[in-house]
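The following exercises are to be worked through with the sequence and the structure at hand. Each task is followed by a solution in steps.

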Amino acid sequence: MNGVWSLAYITFKEGIKNRAIFGIFIMVVLMLAAVVTLTNLFMRDIVKVAADLSLATISFSGLLMTLFIGTNLLAKDIDKRTIYMVISRPVSRAQYLIGKFLGLFFLVTAAVLFLGVVSSLPVYFAGVGYQNPQSIFKWHVYFTAILFIAMKLTLIAAVIIFFSSITSTSFITLVLTIATYLIGSTNEVVKGIMDAKIEGVTISPLMGGTIKFVYYVFPNLSAFDLKIQAAHGIAIPIEYLLWVSAYWLLYMGVMISAGALIIRRREFP
């Protein structure tokens, strides 16, 4: 296990030094400054607007960071042949994959939590500058939404590690991950439309089976989206939080386990 934690630390350290992360942080600062400007254009519910825009900024910038850094983790080691130096030591291929994932996991979590603290400033100043006695904004719901954004992005990191174990090309990993993200963000809506059974709309058994297959195979990323609850101060049931957390752990475990099995049998160029 010492080798796993060493790889995780090295991956985390390399991720912090990556130039892409500094560019993304600069973009976040500019976007949060724009949030302050945009909230002044609204006459009512300024805190709600600031919270919604701030959470959207964290989600988007965190996704960019995860994609840019995660898709190059294994591809860079293969291109530079450093992977041979690692697996030649008493570190198995599965441990190598797990170490890479843990490093990316900690990097994404730390970045999102940092962005969450920074993003709370526009929300705080919006509340101070616009006193609304009818506002029902709750800070604990807001930070819960930030935590679930971190969970969503670490799940995407597990998907990246899985695809990286299959292909050596970072571009293919990026395309497959983006496709998974888009499907995972919309599959619950599509299934909901199918289950609604709109009058005059008929879905073939093949299409219905395909939608169900996609719904159960691809990650349900919309379950981690709590922006509406955070913006309106809606209490989140503890049962829902526990169910999503269990789903998060299970899906990540499946992705990493499958990736470890694949990379053990893979031939490197």
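Accessible areas come from the Shrake-Rupley method with a 1.4 Å probe, and for residues only the protein chains shown count as cover. The model is predicted: local features need pLDDT of at least 70, side-chain atom pairs count only at pLDDT 80 or more, and totals for chains, interfaces and linings use all residues. Residues are numbered from 1 along each chain as its sequence is written, and side-chain values use heavy atoms, with hydrogens and water left out.

**Exercise 1.** Describe the accessible surface of the chain.

Solution. Step one: the total is about 14,500 Å². Step two: carbon and sulfur atoms hold 70% of this surface.

**Exercise 2.** Determine whether S120 is buried or exposed, and describe its surroundings.

Solution. Step one: S120 is placed in helix α6, residues 93–129 (helices are DSSP runs of H or I with at least four residues, numbered from the N terminus). Step two: S120 is buried because its relative accessibility is 11% (buried means under 20% relative accessible area, exposed over 50%, partly exposed in between). Step three: leaving aside neighbours within four places in sequence, S120 is in contact with W139, Y142 and F143 (contact means heavy atoms within 4.5 Å).

**Exercise 3.** State how many salt bridges the structure holds and which side chains meet there.

Solution. Step one: there is one salt bridge (a side-chain nitrogen of Lys or Arg within 4 Å of a carboxyl oxygen of Asp or Glu). Step two: the side chains of D225 and K227 meet in it, at 3.0 Å from N to O. Step three: D225 is partly exposed at 37% relative accessible area, and K227 is partly exposed at 21%.

Terms used:
Helices (H or I, at least four residues) and strands (E, at least two) are DSSP runs, numbered from the N terminus. Buried means under 20% relative accessible area, exposed over 50%, partly exposed in between (1.4 Å probe, protein chains only).
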